[in-house]
Amino acid sequence: MAIDKDTRLIDLTVADLIMIVKECMTEFMPVNQTFSEEEEIGGYEIAETITGYSRQTLYQLKSAGELPYIGLPGGGIRFSKRMLTNWLLSHQKLTNQEVQEKAETIRLKRKLRRTNSLS
């Protein structure tokens, strides 16, 4: 059966409807779309693997609002590998040399501002 804009909905079979839905969906989301390993999303198992924390610690961090997560409409949650990795890296501590370099940069900027404000 040829389907066009004049075809009545009642004349369509389930197979016709499935075909139409698949055609519409591929316009918005390619069927063969794959996520890279970095973009993987999952439950607490992924969070445990990425962070090394126990599930209880993850529950506590999530409840305290310290752990990034994706809230689902039904109340469940998911974690993104990328979000967790970025969160972990945001807690990276500077080495003594990096601290000294940063302090020197700040000191030079202040000195430059003072000389410019006196001019």
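Reader: OK, and what share of the residues counts as buried?

Author: Of the chain's 119 residues, 14% count as buried.

Reader: How confident is the prediction, on average?

Author: The mean pLDDT is 84 for the chain, with 87% of the residues scoring at least 70.

Reader: And where is confidence lowest, and where highest?

Author: Helix α1 (residues 14-28) is lowest, with a mean of 74. Helix α3 (residues 55-63) is highest, at 95.

Reader: Switching topic: how many helices and strands are there?

Author: Five helices and three strands. Starting from the N terminus, the order is α-β-α-α-β-β-α-α.

Reader: Which residues make up the largest nonpolar core?

Author: Ten of them: Y44, I46, A47, L58, L61, L67, I77, F79, L84 and W87. At least two residues each come from α2 (44-51), α3, β3 (77-80) and α4 (81-89). The largest share, three residues, is supplied by α2.

Reader: Take L58, then. What is L58 in contact with, leaving aside neighbours within four places in sequence?

Author: L58 is in contact with Y44, A47, E48, T51, Y53 and L67. Of these partners, Y44, A47 and L67 are also listed in that core.

Reader: Last one: among contacts between residues at least 6 apart in sequence, what share joins residues at least 24 apart?

Author: That share is 39% in this chain.

Conventions. Residues numbered from 1 in each chain as written. Predicted model: local features only at pLDDT ≥ 70, side-chain atom pairs only at ≥ 80, totals over all residues. Heavy atoms only, no water. pLDDT = per-residue confidence, 0-100. Helix = DSSP H or I, 4+ residues; strand = E, 2+ residues; numbered from the N terminus. Buried < 20%, exposed > 50% of the residue type's maximum accessible area, 1.4 Å probe, protein only. Contact = heavy atoms within 4.5 Å. Core = buried A, V, L, I, M, F, W, Y, C linked by side-chain atoms within 4.5 Å.
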